[in-house]
Amino acid sequence: MATIYQINKGVSKPIVFKGLKAQYIAYLAIGLVLLLLSFAILYISGLSLLIILPLIVLLGSALFIATFRLSHRFGEHGLMKYLAKKGLPKYIRFSSRRIFTKLKYPDYQ
């Protein structure tokens with residue numbers, strides 16, 4: 001008799017939650033925790049609730065909009081690739097050719 005095995009077909013797929021892909025879920029969660037902490041700090045400091053609530057709602061809305069835009073614009077790994085490409089220099093300037101001559105002939109100086 002043959003043994004029946006279950007096949008897990010979603011092993012290499014990215015995590016998706018309500019349209020958010022991969023690391024953007026973590027970005028949103030961290031942002032919400034920071035908003036909660038900022039609300040608590042502002043409330044404990046004695047600031048009026050009429051000032052705090054609209055501020056937190058506005059910042060929360062901006063967080064959701066920005067996170068969903070980044071998720072849809074860049075996808076799973078696109079933001080990391082974009083930031084890596086921006087980190088590259090536009091050109092490299094050398095003052096001598098010694099570095100290139102040592103590449104071809106390591107003993108030559």
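**Close-up 1. The largest nonpolar core of the predicted model.** Nine residues make up the largest nonpolar core, namely Leu20, Tyr24, Leu28, Leu35, Ile52, Ile56, Leu63, Phe74 and Leu79, where a nonpolar core is a set of buried Ala, Val, Leu, Ile, Met, Phe, Trp, Tyr and Cys residues joined through side-chain atoms within 4.5 Å. Two or more residues of this core come from each of α1 and α2, and α2 gives the most, with four residues; helices (H or I, at least four residues) and strands (E, at least two) are DSSP runs numbered from the N terminus. Leucine 63, a member of the core, touches Leu28, Gly31, Leu32 and Leu35 when residues up to four places away in sequence are not counted, contact meaning heavy atoms within 4.5 Å. In soluble globular proteins, nonpolar side chains tend to be buried together. This is a predicted model, in which local features need pLDDT of at least 70 and side-chain atom pairs count only at pLDDT 80 or more, whereas totals for chains, interfaces and linings use all residues. Residues are numbered from 1 along each chain as its sequence is written, and side-chain values use heavy atoms, with hydrogens and water left out.

Close-up 2. Threonine 67 lies in helix α2, which spans residues 49-74, and counts as buried because its relative accessibility is 5%; buried means under 20% relative accessible area, exposed over 50% and partly exposed in between, with a 1.4 Å probe and protein chains only. The side chain of threonine 67 reaches the backbone oxygen of leucine 63 at 2.7 Å. Beyond its neighbours within four places in sequence, threonine 67 is in contact with Leu20, Tyr24 and Leu28. Serine 71 is also placed in helix α2 and is buried, with a relative accessible area of 0%. With neighbours within four places in sequence left aside, the contacts of serine 71 are Gly19, Leu20, Lys21 and Tyr24.

**Close-up 3. Isoleucine 30 and a nonpolar surface patch.** Ile30, Val33, Leu34, Leu37 and Ile41 make a nonpolar surface patch of about 500 Å². Patches are made of residues with over 30% relative accessible area and no salt bridge, nonpolar side chains (Val, Leu, Ile, Met, Phe, Trp, Tyr) being joined within 5 Å and like charges within 9 Å; a salt bridge is a side-chain nitrogen of Lys or Arg within 4 Å of a carboxyl oxygen of Asp or Glu. Isoleucine 30 is found in helix α1, residues 23-44, and counts as exposed because its relative accessibility is 51%.

Close-up 4. Alanine 22 lies in the loop between β2 (20-21) and α1. Although it is not a glycine, alanine 22 has a positive phi of about 50°. Most residues other than glycine have a negative phi. Alanine 22 is partly exposed, with a relative accessible area of 23%.

**Close-up 5. Phenylalanine 94 between α3 and α4.** Phenylalanine 94 sits in the loop between α3 (78-87) and α4 (98-104), and at 43% relative accessibility it counts as partly exposed. Apart from neighbours within four places in sequence, phenylalanine 94 is in contact with Ile99 and Phe100. From C-alpha to C-alpha, phenylalanine 94 and leucine 34 are 45 Å apart in space and 60 residues apart in sequence.

Terms used
A polar contact is a pair of N or O atoms within 3.5 Å; within protein, one must be able to donate a hydrogen and the other to accept it, and residues adjacent in sequence count only if both atoms are side-chain atoms. Accessible areas come from the Shrake-Rupley method with a 1.4 Å probe; for residues, only the protein chains shown count as cover.
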